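Here are a few notes to read alongside the model. Have it open as you go through the points.

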Amino acid sequence: MRIQFLGATETVTGSKYLVESAGGRVLVDCGLFQGYKALRLRNWSPLPLRPADLGAVLLTHAHIDHTGYLPLLVREGFHGRVTCTQATFDLCRIMLPDSGWLQEEEAEYLNRHKLSKHDPALPLYTRDDAVKCLRLFAPVAAGVQCEPVPGLHAQFTRSGHMVGSRFVRLEDAQRSILFSGDLGRPDDIVLKAPDPVQGADVLVVESTYGDRDHPRDDPLERIAQVVNRTAERGGVVVIPAFAVGRAQTLLHCIARLKREQRIPQLPVFLNSPMAAAAMDVYAAHPDDLRLTPAECRELRDAARIVETAAESQRLNTMHGPMIIVAASGMATGGRVVHHLKAFAPDHRNTILLVGYQAGGTRGASIAAGAQTIRIHGQDVHVRAEVVQLDDMSSHADRGEILEWLRGLDRAPGRTFITHGEPAAADALRQKIERELRWQCEVPFYLQEAQL
């Protein structure tokens with residue numbers, strides 16, 4: 001068995017792991033690079049393999065940094081099966097076409113306003129490309145093993161990061177390898193904790209928060225404080241949020257705070273048709289949730305859904321107090337960018353960041369205190385209050401990762417630390433080596449390893 005790291009090395013995006021065994025080649029995750037331009041350009045470079053030579057793709061979960069390259073992979077010749085949970089497939093049916101449509105929309109905007117260095121600006125792939133790739137999905141039921149290529153067996157176990165997310169364990173006649181994907185938290189507000197998982201000879205573990213622990217403050221109280229002081233100023237709370245996962249958690253928190261009369265009954269807008277559609281997927285897969293049926297219904301009624309671009313534009317002319325939840329979570333694109341352009345210059349407003357902000361994204365610039373951000377070729381002043389809540393993350397922190405590792409039934413012979421910025425990945429490496437005495441390494445982009 002061999003592995004090659006095609007993404008998520010020295011960054012938290014672009015997850016792709018090529019595993020070769022006697023029976024063939026499989027790709028674990030197939031994500032887009034995001035953030036710095038040097039990373040995003042990798043999306044346009046050919047993979048170091050012919051997509052037609054892949055036997056299968058296995059997905060840990062549906063987020064675009066783990067699935068968003070699939071339409072391009074299929075367009076370039078991949079014709080095998082895409083294996084994942086039913087919930088992940090249900091979410092990909094929403095997220096991948098939306099990703100293609102957003103890229104088409106962005107290219108059209110750049111061309112119309114002549115803001116691109118390329119003539120014409122082109123999308124990486126289209127909505128039609130994404131719809132075509134969905135035909136290759138073959139979901140597996142919970143607890144069922146599958147054989148993606150001859151002699152290589154795959155097992156999926158709940159990882160607690162989002163609805164449908166799973167650890168992926170591969171095993172052939174000689175070796176086994178376990179992929180954490182994105183590791184969830186044991187006490188998430190909405191999602192059930194990760195399930196116990198069988199260990200493996202080789203481990204690939206994420207390190208997004210490998211150099212820090214999340215604050216132990218009550219996230220509900222911190223959200224309430226932000227909303228209340230912004231409402232007193234008559235301002236707007238703009239929340240960039242991942243359309244699937246973070247948006248649902250936020251709306252649950254806001255609905256609960258309203259029910260408990262800890263914030264005023266101000267209007268809440270969900271400006272993401274994809275996030276609205278994902279509500280139905282959450283409701284269809286309650287086994288992954290901590291929520292009661294009543295809380296699920298409350299979640300679905302927590303916000304007014306903004307359907308059209310015209311409705312989205314009207315929001316930018318409205319005055320607070322109100323809350324706008326819109327994608328994307330790192331402000332790299334989508335409708336939230338237009339809201340930031342409209343509301344960031346006003347000191348009465350608040351930009352609430354509730355997830356990890358990868359280097360090179362607008363969200364990272366805002367979190368770092370940038371006085372201006374670049375949007376559609378213009379410099380936009382940031383005078384709004386900026387608040388970042390790390391305790392809303394659906395990624396395990398350093399201590400939670402270590403606790404999960406201790407729960408494995410045996411120590412891996414080799415551990416690869418991926419999906420983290422360099423400082424976070426190396427900090428986790430040192431922590432594991434000191435406390436668990438495991439052999440660890442932080443792979444580099446395109447590194448190959450014989451297992």
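1. A word on exposure to begin: buried means under 20% relative accessible area, exposed means over 50%, and partly exposed lies in between (1.4 Å probe, protein chains only). With 46% relative accessibility, leucine 41 therefore counts as partly exposed. You will find leucine 41 in the loop between helix H1 (37–40) and S4.

2. Please keep in mind that this is a predicted model, where local features need pLDDT of at least 70, side-chain atom pairs count only at pLDDT 80 or more, and totals for chains, interfaces and linings use all residues. Residues are numbered from 1 along each chain as its sequence is written, and side-chain values use heavy atoms, with hydrogens and water left out.

3. Now the chain as a whole. The chain has 14 helices and 21 strands; helices (H or I, at least four residues) and strands (E, at least two) are DSSP runs, numbered from the N terminus.

4. Why is S3 (residues 24–30) largely enclosed by the rest of the structure? Because 5 of its 7 residues are buried. Strands count as paired if DSSP finds at least two bridges between them. S3 runs antiparallel to S2 (residues 16–21), with 6 bridges joining the two, and a hairpin connects S2 to S3 through 2 residues. Within this pairing, leucine 18 has leucine 27 in S3 as its bridge partner.

5. S3 also pairs with S4 (residues 56–58): 3 bridges join these strands, which run parallel. Here the bridge partner of valine 26 is alanine 56 in S4.

6. Finally, turn to tyrosine 109 in helix H4 (residues 86–112). Is tyrosine 109 buried or exposed? Tyrosine 109 has a relative accessible area of 17%, so this residue is buried. Leaving aside residues up to four places away in sequence, tyrosine 109 touches Leu115, His338, Lys341 and His376, where contact means heavy atoms within 4.5 Å. Tyrosine 109 and threonine 88 are 21 residues apart in sequence, and their C-alpha atoms are 30 Å apart in space.
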